[in-house]
Amino acid sequence: MDDKQHIEPGAKKTVWPAATGANLKHHETPHTPRATCAPAAVNATDGRPAAILALNVYDFFAQLGKRVINPGGIAGRDRLLAELKIKPGSRVLEIGCGSGHTACALAERVQCQVTAVDLSARMVAAARSRVAQAGLESQVRCEVADVTWLPFASATFDYVIVQAVLMFVDKARALAEIRRVLKPGGQLGGIEFAWRQTPPASVRDATHNICGCTVLEFHPRGEWAEWLERAGFDRVQSDERPFALLSIPGFLRDEGILNSLRVVRRVLRRRTHRQRMIGIWRHFARHRAHFSYVVLTGYKLS
């Protein structure tokens, strides 16, 4: 997909400035995102019981203050970064940035320039706060954007990272956009939920219900790799790992003791929070044999 195809008739082509310095802060997407991610249509800040029960699982965890919300946790993130071997000075796009833990880790460890985007304005606000607390505004900018309609010029980034996003969206469109904004020779790295073994329809339907999303597609490891290959990525690699989002050791590792205690306190404080958390935890514990996550990498070689 070239720029002419990407821009609507009559719209101005968007060319982003270099991702350095003061121009990073609070630079918003210049058009209306075309959202295809379809969580339950609930205000994530609404504290009424019915609204809490209707939240998708990511917004629910964010409301509780959980900072790391991806199927591999910090261990999965670090495994992905080890596969990518991002070079200092590179331009990196992170899609599905959540609270900004990956963007900040990259900026601190690799000294690269990171553009972190998420469809949720609430998560982008949390990421901006984290970036500011870490003093990384000169390296990281955070903004609202949709993976199926990225507001960046073609061949902008050396690397694109996407975590727990493709399963919610039109994958063909999203992967075409990711490939478009990568430079030739650039690399995609992703983490997505996977089916470790094919589930019965009852487990699949229950997973959709407990996650609270109207669009949700997990795939086995091989099918995830095939999606990247069909989108034109080369040298695709996929590595399946055990599901790690909901376990006590994983929770403590990802959040630390203090934030884990804060999350537990918020859960215990309200009956509706307890009800929602018990439902999520029981479902994934009961059907753990069906779940895993996949670390994916692929190159845009031309």
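1. In which loop does alanine 164 lie? Alanine 164 is found in the loop that joins β4 (157-163) to α7 (171-181), where helices (H or I, at least four residues) and strands (E, at least two) are DSSP runs numbered from the N terminus. Alanine 164 has a positive phi of about 50° although it is not a glycine, and at 6% relative accessibility it counts as buried, a term that means under 20% relative accessible area, with exposed meaning over 50% and partly exposed in between (1.4 Å probe, protein chains only).

2. On the basis of the model: this is a predicted model, in which local features need pLDDT of at least 70 and side-chain atom pairs count only at pLDDT 80 or more, while totals for chains, interfaces and linings use all residues. Residues are numbered from 1 along each chain as its sequence is written, and side-chain values use heavy atoms, with hydrogens and water left out.

3. The protein chain has 11 helices and seven strands, and of its 302 residues 52% count as buried. Among contacts (heavy atoms within 4.5 Å) between residues at least 6 apart in sequence, 80% join residues at least 24 apart.

4. Lysine 85 also has a positive phi, near 50°, in a residue other than glycine. Lysine 85 lies in the loop between α4 (73-84) and β1 (91-95), and at 60% relative accessibility lysine 85 counts as exposed. As background, most residues other than glycine have a negative phi.

5. Helix α3 (residues 57-64) packs on helix α11 (residues 271-286) at an angle of about 130°, with the axes 12 Å apart; axes are lines fitted to C-alpha atoms, for helices over the stretch in contact, and angles run from 0 to 180 degrees between N-to-C directions. That makes α3 oblique to α11, given that angles under 35 degrees count as roughly parallel, over 145 as roughly antiparallel, 65 to 115 as roughly perpendicular and the rest as oblique. On the α3 side the contact is made by Val57, Phe60, Phe61, Gln63 and Leu64, and on the α11 side by His273, Arg276, Met277 and Ile280.

6. The axes of helix α8 (residues 201-211) and α11 come within 10 Å and cross at roughly 150°, which makes α8 roughly antiparallel to α11. Here Val203, Ala206, Thr207, Ile210 and Cys211 of α8 meet Arg276, Gly279, Ile280, His283 and Phe284 of α11.

7. Isoleucine 280 lies in helix α11 and is buried, with a relative accessible area of 0%. Leaving aside residues up to four places away in sequence, isoleucine 280 touches Val57, Phe60, Phe61, Ile210 and Leu246. The C-alpha atoms of isoleucine 280 and isoleucine 210 are separated by 6.2 Å, although these residues are 70 residues apart along the chain.

8. Which residues have the most contacts inside the largest nonpolar core? In this core of 55 residues they are Phe61, Leu93, Ile95, Val160, Met167, Ile178 and Leu188, a nonpolar core being a set of buried Ala, Val, Leu, Ile, Met, Phe, Trp, Tyr and Cys residues joined through side-chain atoms within 4.5 Å. The largest share of this core, six residues, comes from α3. Apart from it lies another core, of 26 residues, which includes Leu80, Val92, Leu106 and Val295.

9. Histidine 290 is placed in the loop between α11 and β7 (291-299) and counts as buried at 11% relative accessibility. Its contacts, not counting residues up to four places away in sequence, are Ala194, Trp195, Arg196, Gln197, Thr198, Pro199, Pro200 and Val203.
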